[in-house]
Amino acid sequence: MDFSWLSANLPALLSGAWVTLYVSAIAIAVGMVGGLLLALLRTRGGRLAAAVVAVYVEVIRNVPFLVILYLVYFGLPLLGLRWGAVATGIIALCFSSVGYTSEIFRGGLKSIGVGQYLAADAIGLSTRHKYLHVILPQLFRVTYPALGNQVVTVILGSALTSVIAVPDIMYEAGAIGSSTFAYTEVYIVSAIVYVAVVFLVNSAWSAIGVRINRRRPARVQPSTPEVLEVRA
Amino acid sequence: MTPDLVMQQLLNGALATVQMCILAIPFATVLGILLGMVKNSRFRWASRAVAAYIWLLRAIPLLLLLFFVYFAVPEITGGRIPAFPAAVASLTLHGAAYIAEIVYGSVRSVPLGQWAAARSLGLRFRHIIAHVVGPQTLRVALPPTISTYTIMVKESSLAAVIGHVDILGAALAMRESQIRLEFGVMVLALAAILYFILCFGLSSLGRAIEQRQHWTARRLTVAGEVT
């Protein structure tokens, strides 16, 4: 084992970790907002909207992310858009993240009893207030663990964007490996970086979860099974 | 390129994808069941080691594992590993971690009273597994396992990155051979359709089995109530 390359190349790996984090953060944020919209469209948006969303979700769930990534990568220039690797990677990750997150929210919406809607209507809440103060807080709490899994999934999935030269951890590892020929050590170190990132994100997510649940205990039992069902 | 030739290449790729999955899925299932049972066992150190393995494999990207097997393992052992076995090995190791976690959770979902009752009837361990706990575990574990299988089919596309000519690999190779952008996008869209057929078929099969199981379970309960 030869780790002498590490001191010279650690900054590159750390900048890769930064790229991984911010690319994932954008995809996760867009995934949450877009996923929520799609889930609401699918459950409350009428038959046509529901069908369109269902087709979109099935396509995302049944086509490998790598194929979606390449389709975006070669498809964008076809539309006259040349935005570079990072933007392309983020767009592809967003497409995928929105689809999976909408399924999580759809499951959560199903688990909220119709009585909650009726009660909100009965006390005269407007649609906006009904969702803002009654439905969404419960939805968020019910789906919280599944959303945590999705966050990790996006971070790990973002490693694939290295194949279109997004300079993330994986990409930097490949570059360092091909210049030092110490692939074993380089990949061990990058595995440690990924494990550290996932560990930190997991810990932060559950720490925040404990705080949220302490303030107002969840009344709705999660309907989503504990085992991971959605991965990119 | 004629449409015939394009389809021919993509179907050859599909064959390679299916070959990978036909090997990796059973391997991962067997390894996953073993690991899941060890994690559930009372051998504390073995169970901890397996828990660490599962946690580690679920915290690194599959691409990293694949590159490790393909680029790093030859550095250690000295021999070269072709793309196909490297892809099958990493898919297996990765899938096994996910299946082990499913098996672990599903076995724990069977109430301890079932074990106690079976033991008090004098059943041996293998009979308890085969006739009491196993069937109940299977019912819980099947849906997430099938969805792990479809994930594995999708993940097998990573083999294209190390140069294995599966569906995606064939599409990328054809794209490179032509200058027109439209052609590349069209071939990739065809590849997406092929993957969709494979994965959607597999998950529909899973849903069908699930339906059948629900039906059998209901019939059993009804029979139980009558007697």
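Tutor: Of the 232 residues in chain A, 50% count as buried, where buried means under 20% relative accessible area, exposed over 50% and partly exposed in between (1.4 Å probe, protein chains only). This is a predicted model, in which local features need pLDDT of at least 70 and side-chain atom pairs count only at pLDDT 80 or more, while totals for chains, interfaces and linings use all residues. Residues are numbered from 1 along each chain as its sequence is written, chains are lettered from A and ligands numbered from 1 in the order in which they are written, and side-chain values use heavy atoms, with hydrogens and water left out.

Chain A has 8 helices and 0 strands; both are DSSP runs numbered from the N terminus, helices being H or I with at least four residues and strands E with at least two. The C-alpha trace of chain A spans about 70 × 45 × 25 Å along its principal axes. Taking contacts (heavy atoms within 4.5 Å) in chain A between residues at least 6 apart in sequence, 78% join residues at least 24 apart.

Now to the interface you asked about. Here 41 residues of chain B are in contact with 39 residues of chain A. The area buried between the two chains is about 3,700 Å², and carbon and sulfur atoms give 76% of that area; buried area is the accessible area (1.4 Å probe) that two parts lose on being put together, summed over both.

The largest share, 11 residues, comes from α8(B). By class, that side has 29 nonpolar, 5 polar and 7 charged residues; Ala, Val, Leu, Ile, Met, Phe, Trp, Tyr, Cys and Pro count as nonpolar, Asp, Glu, Lys and Arg as charged, and the others, Gly among them, as polar.

The aromatic residues come next. Tyr183(A), Tyr187(A), Phe67(B), Tyr70(B) and Phe71(B) form one aromatic cluster. Rings of Phe, Tyr and Trp (its six-membered ring) pair if their centres lie within 6.5 Å; planes under 30 degrees apart count as stacked, over 60 as edge-to-face and the rest as tilted. A search of the whole structure finds 14 aromatic pairs over all chains. In one of them, the ring centres of Trp18(A) and Tyr22(A) are 5.8 Å apart with planes at 50 degrees, so this pair is tilted. These two residues are 4 residues apart in helix α1 (residues 6–44) of chain A, so about one helical turn separates them. Trp18(A) counts as exposed because its relative accessibility is 55%, whereas Tyr22(A), at 31%, counts as partly exposed.
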